[in-house]
Each structure stands twice: as structure tokens, then as C-alpha cells.
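Let's talk through a fold, one question at a time. Have a look first, then we'll chat.

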Amino acid sequence: MRRFVWRDDRIEARLDELDHAVLGLVPSLLTGVGELGVDPAAARLRPAVYRDDQERSAEFLRLSSGLIEDGRKADLELFIAGYEDIAEGVGLTAEEAEAWSRVITHARLIVGARLGIEDDGWEDSTAVEEGNPHVAVLLVLGRLQEALMSALAAGL
């Protein structure tokens, strides 16, 4: 089943119950990120720009974090508005779909960080508990992001 398809000038969402449930968790994931040093998701969302220079990285973060956070908030607002639209059968605009892609990326980074995932190939790792609901959320988000990116690419 193709979860996202172009219909006229919008991307129509064809989501199942699990997709809706996982997407419904996304706003709380993004707004629930804790502080650096406490929540591993915070570090994943604010990586060191200069790996060999902590001081320069901290300065970059100080100068850019407001802009980055403003962009994330704007994307989340578009995500929430789009989620309400698809619940009513209205498709996503290209702008909303691009914001969704970024929001889903951030949600995946948050979940992955909290699971302790550091590298590709984690699906085959014995360190990730089979049956862990957070792993299921991560997999669904990945599937949705891939489907959304395919739809966006088809519209180019």
C-alpha cells in the first residue's frame, strides 16, 4: 500500500491505525526532549559541529540554537496542522510534506538516541530488544518517512 500519493496539488495520506497512532506520538516526542547531559536525545539533536573543538562547537550552538529551534517549532506547527488535515481527508501541501519529513527525522533521532542506537545495522543487533515498543515506533517512523520521501520525489 502506498501511504502517500499525489492527488492534484496535494499529497494524500493513506495511513492505517498504527501509522496514525505513531504519528500522534510525534509532537510529544519533539516537545519532550530534556536537557543536554540528561536526555540522550538532546545531544543527538545538537551534535558537536567541531568534534575536536568543544569551545567552537559551544559557540556555534550558542549563536545558532535560536534559529534552529525556531525552525523546528515552525515545522512542528505545520506537522500538527497537516495531521489534523489528513484526519479530515485533506492532503498535505508540498511545504507541509517537507516539514513532515524533517519532523519525522527528528522523531527518529530522538527515539534512536533513547534506545542507544549509534550505528547503521542496528536492526540486526542483539543490543536492541525484540518486542520493545520503542523499536516498533522507530520502524514505523522509518517506513512513513520513506513513503513520504518517495511521494515528494514523484512530484518533482
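This is a predicted model: local features need pLDDT of at least 70, side-chain atom pairs count only at pLDDT 80 or more; totals for chains, interfaces and linings use all residues.

Student: How do strand 1 and strand 2 pair, and over how many bridges?

Tutor: Helices (H or I, at least four residues) and strands (E, at least two) are DSSP runs, numbered from the N terminus. Two strands pair if DSSP finds at least two bridges between them. Strand 1 covers residues 4–7 and strand 2 residues 10–13, and they run in the antiparallel sense over four bridges.

Student: Which residue in that hairpin takes a positive phi?

Tutor: Two residues sit between the strands of this hairpin. The positive phi, near 60°, belongs to Asp8.

Student: How are helix 1 and helix 4 oriented to each other?

Tutor: Axes are lines fitted to C-alpha atoms, for helices over the stretch in contact, with angles from 0 to 180 degrees between N-to-C directions. The axes of helix 1 (residues 17–31) and helix 4 (residues 94–115) come within 10 Å and cross at roughly 70°. Angles under 35 degrees count as roughly parallel, over 145 as roughly antiparallel, 65 to 115 as roughly perpendicular and the rest as oblique. So helix 1 and helix 4 are roughly perpendicular.

Student: Which residues of helix 1 make the contact with helix 4?

Tutor: Contact means heavy atoms within 4.5 Å. Helix 4 brings several residues, including Trp100, Val103 and Arg114. From helix 1 come Leu23, Val26, Leu29 and Leu30.

Student: What is the angle between the planes of Phe4 and Trp100?

Tutor: Rings of Phe, Tyr and Trp (its six-membered ring) pair if their centres lie within 6.5 Å; planes under 30 degrees apart count as stacked, over 60 as edge-to-face and the rest as tilted. Phe4 and Trp100 are an edge-to-face pair, 6.3 Å centre to centre, with the planes at 85°.

Student: How many residues apart in sequence are they?

Tutor: Phe4 lies in strand 1 and Trp100 in helix 4. The pair therefore ties together parts whose separation in sequence is 96 residues.

Student: Is Trp100 buried or exposed?

Tutor: Buried means under 20% relative accessible area, exposed over 50%, partly exposed in between (1.4 Å probe, protein chains only). Trp100 has a relative accessible area of 0%, so Trp100 is buried.

Methods:
Residues are numbered from 1 along each chain as its sequence is written. Side-chain values use heavy atoms; hydrogens and water are left out.
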